[in-house]
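Please read this briefing alongside the sequence and the coordinates, which are shown next.

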There are 2 protein chains.
Amino acid sequence: MTAAPPEKIALIAGEGGLPLEIARRLRDRGSSVVVITLRDDPETFGPLSEAVVRLRFPSLGRVVREAKRHGAKSLIMAGNIPKRTIYLLPALFDPLTRSVLSERRRDDHALLGTIVAAFEREGIDVLPYWQILPEFLAPEGRLGTRAPTEAERQDVRYGADILRVTLPCSFGQAIVVADLAVVAIEAMEGTDAMIERCGALSGRGVLVKMMRTDQDARYDLPTVGPGTIESMRRAGLTCLAVEAGRTLVLEPERTLAQADACGIAVWGIQACPSS
Amino acid sequence: MTAAPPEKIALIAGEGGLPLEIARRLRDRGSSVVVITLRDDPETFGPLSEAVVRLRFPSLGRVVREAKRHGAKSLIMAGNIPKRTIYLLPALFDPLTRSVLSERRRDDHALLGTIVAAFEREGIDVLPYWQILPEFLAPEGRLGTRAPTEAERQDVRYGADILRVTLPCSFGQAIVVADLAVVAIEAMEGTDAMIERCGALSGRGVLVKMMRTDQDARYDLPTVGPGTIESMRRAGLTCLAVEAGRTLVLEPERTLAQADACGIAVWGIQACPSS
């Protein structure tokens with residue numbers, strides 16, 4: 001009698017450390033992974049997966065065909081993939097890509113929802129990646145060794161109150177506050193670039209990161225990791241506040257050890273009640 | 001019979017082109033100007049003023065004494081002076097500076113109001129500088145040659161709607177929008193640095209600049225000028241919208257000629273109704 005064949009899952013692997021973590025976790029739990037990726041380092045996934053398909057001319061139809069060819073009935077998307085990928089010429093010859101682009105709303109988050117719906121119409125289940133990594137979800141309260149000071153807590157509350165105003169406007173998922181003044185707020189530049197300019201502007205402060213009301217809690221959670229802590233250290237920021245239960249802490253042990261080493265308090269705050 | 005002696009006015013000259021414009025204007029209307037400044041180029045004011053006092057160890061008490069010594073009963077403040085100036089050690093030995101610092105609220109705009117009140121307690125009238133430059137206030141509607149396109153108007157309306165949400169939070173006095181998405185929003189970095197990062201992020205869009213609800217329309221109006229247009233040109237932004245009647249356009253002829261030359265539409269929009 002042979003064991004049941006392992007469940008096959010396709011992993012669309014974008015940039016960053018998250019797809020590797022997910023591939024490793026899927027392998028550890030006995031799933032068989034087919035990695036579909038645009039990355040320049042597809043070989044990284046070799047030891048973790050049954051097959052790696054590197055797409056040079058990506059399209060949604062191609063992803064569906066590759067997933068099915070390898071027998072995967074479900075799919076996980078993780079890591080950054082530049083939005084412009086979907087506008088590349090070869091993709092535009094793909095009927096599935098074109099069906100997605102015919103949708104009216106095209107901002108990042110609406111686009112993601114439309115892509116998920118298109119995969120599901122083709123019979124491929126899209127799995128929320130955080131189910132694979134439940135212990136990576138930030139809990140409430142103190143995460144590292146140091147608790148935030150009362151002054152840091154005040155700045156965090158001030159920042160969170162402002163994010164609750166900006167998030168429904170579809171921007172402002174991260175903010176830096178020092179002494180109850182807004183040092184910087186994120187729009188299209190991304191969190192790391194936003195943190196970076198705080199080094200010159202204030203050289204101190206707290207970072208508050210929350211989920212946009214138009215992000216999908218299944219596929220599109222805010223993420224922090226060692227890179228976030230390193231950017232904060234360089235900018236002189238002393239406290240990181242994230243939404244409990246709605247933020248992924250990548251490589252949590254390393255992230256928190258790094259935060260401890262440079263005296264950064266990491267704090268899980270209650271999720272935004274408005275969303 | 002001799003002519004009445006010219007009215008004496010002290011001008012606290014911070015950085016930028018505005019103090020020079022004001023000194024020139026005061027001279028042209030026959031006032032006698034005493035410039036009090038921290039600037040490295042005090043000689044620039046020589047031809048425009050009766051006296052130039054360069055402060056190396058600034059304090060509010062010193063400003064009052066210099067103004068009175070030169071017979072000035074009124075004072076105009078213009079140009080940027082770093083907030084940290086008031087925390088310099090010599091200033092802290094000054095009773096007037098210490099009385100200002102004992103006030104509870106210390107954000108930039110509250111600080112300015114407290115300083116104005118302190119000068120007035122000492123018998124020095126503080127004059128709103130835009131009264132000296134009434135024709136520099138942006139009118140409503142098209143300011144340069146090109147009118148904004150319908151797409152630009154939509155982005156301006158979207159940006160203005162967001163500023164009306166952020167301004168009461170005491171940040172976000174300028175925003176760049178492209179295709180109804182927020183490219184960047186200003187906090188402590190200042191408008192030019194905010195515009196600059198849009199070059200890499202979108203390379204296009206509209207800039208909307210409005211007055212914070214905690215800015216004092218007498219002393220603290222938003223200001224645009226040739227530098228704003230040049231930053232926009234480099235970043236690829238195509239339309240500048242400012243609040244009519246509440247924005248100073250520095251060197252208006254040069255600013256608008258420069259905007260015309262690079263096809264940037266300049267547009268005066270209605271002031272924020274909430275303030």
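Axes are lines fitted to C-alpha atoms, for helices over the stretch in contact, and angles run from 0 to 180 degrees between N-to-C directions. Helices (H or I, at least four residues) and strands (E, at least two) are DSSP runs, numbered from the N terminus. This is a predicted model, in which local features need pLDDT of at least 70 and side-chain atom pairs count only at pLDDT 80 or more, while totals for chains, interfaces and linings use all residues. Residues are numbered from 1 along each chain as its sequence is written, chains are lettered from A and ligands numbered from 1 in the order in which they are written, and side-chain values use heavy atoms, with hydrogens and water left out.

**Helix packing in chain B**

- Helix α8 (residues 226-235) of chain B packs against helix α9 (residues 252-261) of chain B at an angle of about 15°, their axes lying 8 Å apart, which makes α8(B) roughly parallel to α9(B) (angles under 35 degrees count as such).
- The crossing of α8(B) past α9(B) is left-handed, meaning that the near helix is turned anticlockwise from the far one by less than a right angle.
- To this contact (heavy atoms within 4.5 Å), α8(B) contributes B:P226, B:I229 and B:E230, and α9(B) contributes B:R254, B:T255, B:Q258 and B:A259.
- On its other listed pairing, α8(B) packs with helix α7 (residues 191-201) of chain B at about 15°, with the axes 7 Å apart, and α7(B) and α8(B) are therefore roughly parallel to each other.
- Residues B:D192, B:I195, B:C198 and B:G199 of α7(B) meet B:G227, B:T228, B:S231, B:M232 and B:A235 of α8(B).

**The sheet in chain B**

- Five strands form an open sheet in the order β3-β2-β1-β4-β5 (chain B), with parallel pairing, where two strands pair if DSSP finds at least two bridges between them.
- Its edge strands are β3 (51-54) and β5 (125-126) of chain B, each of which pairs on one side only.
- Strand β4 (residues 74-78) of chain B pairs with β5(B) in the parallel sense over two bridges, and B:S74 has B:D125 of β5(B) as its bridge partner.
- Helix α2 (residues 60-69) of chain B lies across β1 (8-13), β2 (32-37), β3 and β4 of chain B, and runs at about 155° to β2(B).

**Relation of the chains**

Terms used: Parallel < 35°, antiparallel > 145°, perpendicular 65-115°, else oblique.
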